[in-house]
Amino acid sequence: WSMLSRVSLKKFLEICPKSLIKSHAKMDRRLELVNGSSILYGSSDRPYTLEGVSIAWFWADEVRFFAREAYDVLLARLRAPKARRLGGILTSTPAMSWLFDEFHNQIPDRGLITASTRENRHLPSSYITDLEASYSDSLFASYVDGQFVQVGGAVFPQFNLKTHVQDLPVVAGLPVHMGIDFGYRKPAVVFFQHFPACAEHQAEDCIHVVDEMHIDNISTVQLSKKILHHYHMKSWIKGLAYVDPAGKAKSVTVGWSDVDILTGDGFSVEYTTDPMDRNIPHGIELIRSKLKNVRGQTSLFFDSALEAQTRGIIRALKMSEYPKIKRNGEVSDTPTKDGKIDHARDALRYALINVLIRQEAKTW
């Protein structure tokens, strides 16, 4: 509300010719124009101020601070019967929130215009230089270049859509492996190919994540059958299934384990029980090293079709963050588990850990 009253409304009233305004009813937050039109204003932190009207268009500023509820209310109000074109404009520094879901992917009737602060000719010549010296890479990318990045507490700051997301056709004749995170509610499967020496990217032990599967509320028996069908439809060669070692535990109800189910359907399953390899921070660091190692080399890539997944691996890499502070005042080294994106992240972690173990074993 303070941003609206101090900046947006004040600037609008300066720009709008006084001759167009018939009256200003501040109590009703309404401007009446001489042609019979009305301009309403409200605040996202008071969503009720946006209710109960039919509008032809809206402009919402600094929507990174908006609750999704406020945006949903505005969309529902776009229903003025005589409007020639219903629409809304949102302006903001980008944020990894509902904004990313709504505008980053290709949703019909949604458009995204990225405007860099570099394009502002009226800023002092030293402005951008000063920000470069003061901001981190991710903060600069967000505030200056208008890119969707995780600004605070990002787990994978190395991840970059332009670098890591490409068109990756499955190479015929080579197996497609899996990383699987079990669970009835939200299991996750990532499919990938492993290239010990990748000519395309000039990298060793290069991983191409080519597909993924996310099905809610499904048993491992059903999931395994879905995976089998997926391999058949894609005409893929079955590779190894790298899984959480907890999947070897037998169910007290039915007497078999998740690993037993996959093995029974013809999959070769591998996992590690080594405490160090199973350590989550160790696995997260492994993912980071594949995204970009100390020599600046990248050996982990994702197919561009995976960007559309709402709880897929690309979203997990972009949005994974650390909890700000633990109860004892120390910063956690384990990423936040939100029950959505963490499953894809875990599936990738199981895959990379076990691939690396196999390569180390060959070396020895």
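1. How much accessible surface does the protein chain have, and what share of it belongs to carbon and sulfur atoms? The surface comes to about 21,000 Å², and 53% of it belongs to carbon and sulfur atoms. Accessible areas here come from the Shrake-Rupley method with a 1.4 Å probe; for residues, only the protein chains shown count as cover.

2. A word on the source. This is a predicted model, in which local features need pLDDT of at least 70, side-chain atom pairs count only at pLDDT 80 or more, and totals for chains, interfaces and linings use all residues. Residues are numbered from 1 along each chain as its sequence is written, and side-chain values use heavy atoms, with hydrogens and water left out.

3. Now the overall picture. The protein chain holds 12 helices and 12 strands. These are DSSP runs numbered from the N terminus: helices are H or I with at least four residues, strands are E with at least two. The C-alpha trace spans about 80 × 50 × 50 Å along its principal axes. Of the 364 residues, 42% are buried. Buried means under 20% relative accessible area, exposed over 50%, and partly exposed in between (1.4 Å probe, protein chains only).

4. Contacts come next. A contact means heavy atoms within 4.5 Å. Among contacts with a separation of 6 or more, 62% are between residues 24 or more positions apart.

5. Two strands pair if DSSP finds at least two bridges between them. Strands 8 and 9 run antiparallel and are joined by 10 bridges. F191 has D211 in strand 9 as its bridge partner.

6. Stay in strand 8 for Q193. Q193 counts as buried because its relative accessibility is 1%. Its side chain reaches the backbone nitrogen of V171 at 2.8 Å. Leaving aside neighbours within four places in sequence, Q193 is in contact with P169, V170, V171, L174, P175, V176, C206, I207 and H208.

7. Helix 7 deserves a check. Its 15 residues (220–234) should span 21 Å at 1.5 Å a residue, and the end C-alpha atoms are 21 Å apart, which agrees. The expected span is 1.5 Å times one less than the number of residues.

8. Which residues of helix 7 are buried? They are T220, L223, S224, I227, H230 and Y231. An α-helix has 3.6 residues a turn, so residues three or four places apart point the same way. The buried residues of helix 7 pack against strands 7, 8, 9 and 10 and helix 8. The face turned away from the buried side carries exposed H232 and M233. Just after helix 7, S235 takes a positive phi of about 60°.

9. F156 sits between helix 5 (137–143) and helix 6 (161–164), and counts as buried at 3% relative accessibility. F156 and Y143 are 13 residues apart in sequence and 19 Å apart in space, C-alpha to C-alpha. S299 lies between helix 10 (280–291) and strand 12 (300–303). S299 counts as buried at 9% relative accessibility.

Terms used
Polar contact = N/O pair within 3.5 Å; in protein donor to acceptor, adjacent residues only side chain to side chain.
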